[in-house]
Amino acid sequence: MISRRSVLAGSAALAGAALFGRPDRAPAFTRALPPAAEPGAERIVSLDLKAAERRLTLPCFDGHELPLWTFTDKAEPPVVRMKLGQRLDTHLVNGLTRTGEHVSIHWHGIRLPNDQDGVPYLVQPPVEPGESYDYSFVPPDTGTFFFHTHCNSAEQIGRGLIGILIVEGDAPEPYDADEVLTLRDWRISEDGTSFLPFLTMEGAGKAGTFGTVRSVNGRRNPEIVLPASADVRLRILNVDPTRLTEIGIEGAEAAVVAIDGLACQPFPLRSWRMGPAMRADLVIRTPADGGSATLVDYFAPKPVPLARLTARGPARRQGPFNPAPLAAARITPPDLAAAIRMPITFSATATGATVQELADSGAPLGPLCLSEGNLWAINKASWPSDMHQIPPPMAKLERGKTYLFELRNVTPHMHPIHIHGHSFTVLKSNRRDLPPHHADTVLLQPKERMEVAFVADNPGKWMFHCHIIEHQETGMMAWFEVA
Ligand code: C2O
Ligand code: CU
């Protein structure tokens with residue numbers, strides 16, 4: 001099913017990335033982005049979530065039930081679809097009484113008011129077992145987002161506490177179908193009956209601890225039926241705590257139309273690296289009736305098929321593939337001439353250097369919200385092991401000013417760096433030719449330096465961290481204040 005060309009392409013990607021990012025001479029799509037969507041009338045969308053342990057099964061569990069932690073009675077994460085302008089009112093109940101976990105919900109990528117951001121101790125009290133908490137906000141942007149708890153995250157996300165949030169209104173010309181593809185692994189024991197530890201010192205000190213079972217929408221390499229000869233929107237979310245995926249489509253033309261929810265000028269997809277928490281919206285022209293295409297991961301010794309996309313029914317489109325762009329993002333453009341530069345370095349700590357010894361010594365990991373081990377640092381500071389003690393901010397930003405972060409990765413590992421409450425305009429990298437785009441999570445490759453800018457237009461206390469959850473929980477986390 002995977003062609004020889006793709007195998008070669010896959011190894012090229014591994015060897016240094018001919019595929020990754022913007023292709024050199026690929027034809028650009030010609031259609032300009034329509035203006036930003038206007039919010040519709042405010043109407044309330046209600047969402048009831050109860051975080052609890054539930055023994056449930058998914059097709060990728062091979063018939064076993066596992067002690068998932070979920071927000072609803074279903075094993076699949078809830079998918080919330082709402083329209084731009086609507087208000088999301090969420091009632092969260094913490095039913096994790098057996099384990100005594102506290103929770104909160106972070107609405108990843110949503111530029112919301114600070115007190116709705118869901119970071120325990122920093123902007124709200126943790127929601128203790130038996131307690132409830134209400135969130136209410138109007139998402140300001142259209143696009144593909146998700147939400148997750150923000151404490152003991154390796155385990156809470158590892159067991160399933162996530163949901164998908166889609167804000168509609170960005171497609172002035174409807175596509176022929178709109179599918180959500182949620183990529184994630186599960187850490188399942190060999191006999192299939194229990195979870196493996198979600199955080200290991202060895203993994204935390206390197207690329208992270210990978211899952212043992214990969215899934216797309218809860219299934220291994222599922223078949224997804226799409227209309228034939230059609231322009232189909234695929235909303236791809238990497239919600240894994242750890243694994244980076246380099247997506248590509250074999251057997252169909254594909255364009256990237258949005259990154260982290262926000263429209264970009266469509267560009268041809270050859271491959272695109274998605275670290276944990278990153279999203280990409282694709283438009284693909286599906287094959288004729290009966291044909292199929294494959295979603296693959298090139299970030300592996302051999303490309304891994306993730307999903308089969310089977311085309312069925314009468315042809316919907318003719319003529320060359322020139323996908324309709326999404327409505328432009330509503331991000332205030334950074335004022336680069338007046339930008340305040342801030343170098344931000346991501347490194348290992350002294351402990352990180354000796355992580356192997358620590359792992360060998362069997363040093364205990366504390367009851368997380370934050371492990372005892374500090375392996376990683378941002379500008380030489382590690383988030384303290386005790387999450388309940390908020391360290392001083394890494395920076396205070398003046399509201400309304402443009403900041404240019406020079407992100408420097410001095411480690412040999414990848415770090416998907418996430419900013420709360422804002423979206424970066426990605427400017428440049430010393431290692432890659434990147435398409436112009438916005439992002440709330442940027443993938444810093446080993447030794448890479450990247451420049452990103454944003455207007456500090458959202459007052460409050462905002463987290464800034466690596467989204468490889470084990471890195472986050474072992475120190476690669478900071479916060480800044482906008483006032
Ligand atoms: Cu999706 Cu602070 O994280
Ligand atoms: Cu990291």
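Modeller: Let's begin with how the chain folds back on itself. Among contacts (heavy atoms within 4.5 Å) between residues at least 6 apart in sequence, 77% join residues at least 24 apart. Keep in mind that this is a predicted model, where local features need pLDDT of at least 70 and side-chain atom pairs pLDDT 80 or more, while totals for chains, interfaces and linings use all residues; side-chain values use heavy atoms, without hydrogens or water. Residues count from 1 along each chain as its sequence is written, chains are lettered from A, and ligands are numbered from 1 in the order written.

The protein has 6 helices and 30 strands (DSSP runs numbered from the N terminus: H or I of at least four residues for helices, E of at least two for strands). Of its 483 residues, 60% are buried (under 20% relative accessible area; exposed is over 50%, partly exposed in between, with a 1.4 Å probe and protein chains only).

Now for the close look: the copper ion (ligand 2). Which atoms coordinate the copper ion (ligand 2)? They are ND1 of His415, SG of Cys466 and ND1 of His471, at 2.0 to 2.1 Å. (Donors are N, O and S atoms within 2.8 Å of the metal, or 3.2 Å for Na, K and Ca; with no water among the atoms, sites may look incomplete.) Read along the chain, the donors of this ion follow the spacing H-x50-C-x4-H. His415 sits in strand S24 (residues 415-419) and Cys466 in strand S29 (residues 460-466), 51 residues apart, and the pair links distant parts of the chain. His415 counts as buried because its relative accessibility is 0%. Cys466 is buried too, again with a relative accessible area of 0%.

His106 counts as buried, since its relative accessibility is 1%. Its side chain makes a polar contact of 3.4 Å with the side chain of His418. (That term means N or O atoms within 3.5 Å; within protein, one must be able to donate a hydrogen and the other to accept it, and residues adjacent in sequence count only if both atoms are side-chain atoms.) Setting aside residues up to four places away in sequence, His106 touches several histidines, including His148, His150, His418 and His420, as well as Phe146 and Phe147.

Next, follow the chain to Phe454, in strand S28 (residues 449-455). Is Phe454 buried or exposed? Phe454 counts as buried, because its relative accessibility is 1%. Beyond its neighbours within four places in sequence, Phe454 is in contact with Pro334, Leu397, Tyr403, Phe405, Ile419 and Phe480, among others. Thr332 is 122 residues from Phe454 along the chain, yet their C-alpha atoms are separated by 8.0 Å.

Arg432 belongs to the loop between strand S25 (424-429) and strand S26 (437-439). Arg432 is buried, because its relative accessible area is 14%. Its side chain makes a 2.9 Å polar contact with the side chain of Glu448. From Arg432 to Arg449 you move 17 residues in sequence and 9.8 Å in space, C-alpha to C-alpha.

Then there are the charged pairs. The count comes to 30 salt bridges (a side-chain nitrogen of Lys or Arg within 4 Å of a carboxyl oxygen of Asp or Glu). In one of them, the side chains of Asp440 and Arg279 meet at 2.8 Å, N to O. Asp440 lies in the loop between S26 and strand S27 (441-444), with Arg279 in strand S17 (residues 279-285), so this pair ties together parts that are 161 residues apart in sequence. Asp440 counts as buried, since its relative accessibility is 0%, and Arg279 is buried at 1%.

Arg214 and Asp185 form another salt bridge, with their closest N and O atoms 3.9 Å apart. This pair also links distant parts of the chain: Arg214 is in strand S10 (residues 213-216), Asp185 in strand S9 (residues 177-186), 29 residues apart. Arg214 is partly exposed, with a relative accessible area of 22%, whereas Asp185 counts as buried at 5%. Glu155 and Arg159 meet in a salt bridge at 2.8 Å, N to O. To finish, look for a network of salt bridges that links Arg81, Lys83, Glu168, Asp170, Asp178, Arg233, Arg235 and Asp281.
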